[in-house]
Amino acid sequence: MTAKIGYDDVEVGTELPAQSFPVTRATLVQYAGASGDFNPIHWNEKFAKEVGLPDVIAHGMFTMAEAVRVVTDWVGDPAAVVEYGVRFTKPVVVPNDDEGALIEVSAKVAAKLDDHQVRVDLTATSAGQKVLGLSRAVVRLA
C-alpha cells in the first residue's frame, strides 16, 4: 500500500474527516484478549471503584489506537504513519450498559515537514473531556 493523499494536495489547516468510535465492555474484553492486558480496571467494576476510578476504563493503548484510525483512514496506508505519540489526560469511562462510551476524534494538518511528511494534530474526547493530550502523528504522503 502507499499513501493515497499527495503532499502537494494538503495545506496547514487541512481537516481530516472526524470519526466517532463506540466502546462497550465487550469491546474491552475483546481488546484484553488480543493484547494480553487483563488488568481488572478494564473489566471489573468493583475493582476499578476500589482503586479510586469512577468505573471500568478503556485501555490507554486501545484509546490511542482508535484515535490514530482517523489518520490511517485518511491517508489510506497505516505504514505511512512514521511517528505517533500521545499523553493520556483522562480515562475513557465505559459504563455497563448497552451504549458504553464514545471516543470522538478530529484531526488537522498542523505542519508541512521535509520528505513529503506532515504533522497531524489529533483531538480525542469522551463524555466532553479531552482524553488524549499532545496527540500527534507524522505521516509520509505520496
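UniProt positions are given in the numbering used here, feature names are shortened, and annotations may be inferred rather than shown by experiment. On that basis, an unreviewed UniProt entry places the feature "domain: MaoC-like" at residues 13–123.

This is a predicted model, in which local features need pLDDT of at least 70 and side-chain atom pairs count only at pLDDT 80 or more, while totals for chains, interfaces and linings use all residues. Residues are numbered from 1 along each chain as its sequence is written, and side-chain values use heavy atoms, with hydrogens and water left out.

Residues 13–123 are 30% helix and 32% strand, with end C-alpha atoms 14 Å apart. Helices (H or I, at least four residues) and strands (E, at least two) are DSSP runs, numbered from the N terminus.

The whole structure holds 8 salt bridges, each a side-chain nitrogen of Lys or Arg within 4 Å of a carboxyl oxygen of Asp or Glu. Three of them are listed below.

| Salt bridge | Closest N and O atoms |
|---|---|
| Asp 55 – Arg 25 | 2.7 Å |
| Arg 140 – Asp 115 | 3.0 Å |

Asp 55 counts as buried because its relative accessibility is 10% (buried means under 20% relative accessible area, exposed over 50%, partly exposed in between; 1.4 Å probe, protein chains only). Arg 25, at 14%, is also buried.

Asp 121 in strand β4 and Arg 136 in strand β5 lie 15 residues apart. Asp 121 is partly exposed at 22% relative accessibility, and Arg 136 is partly exposed at 38%.
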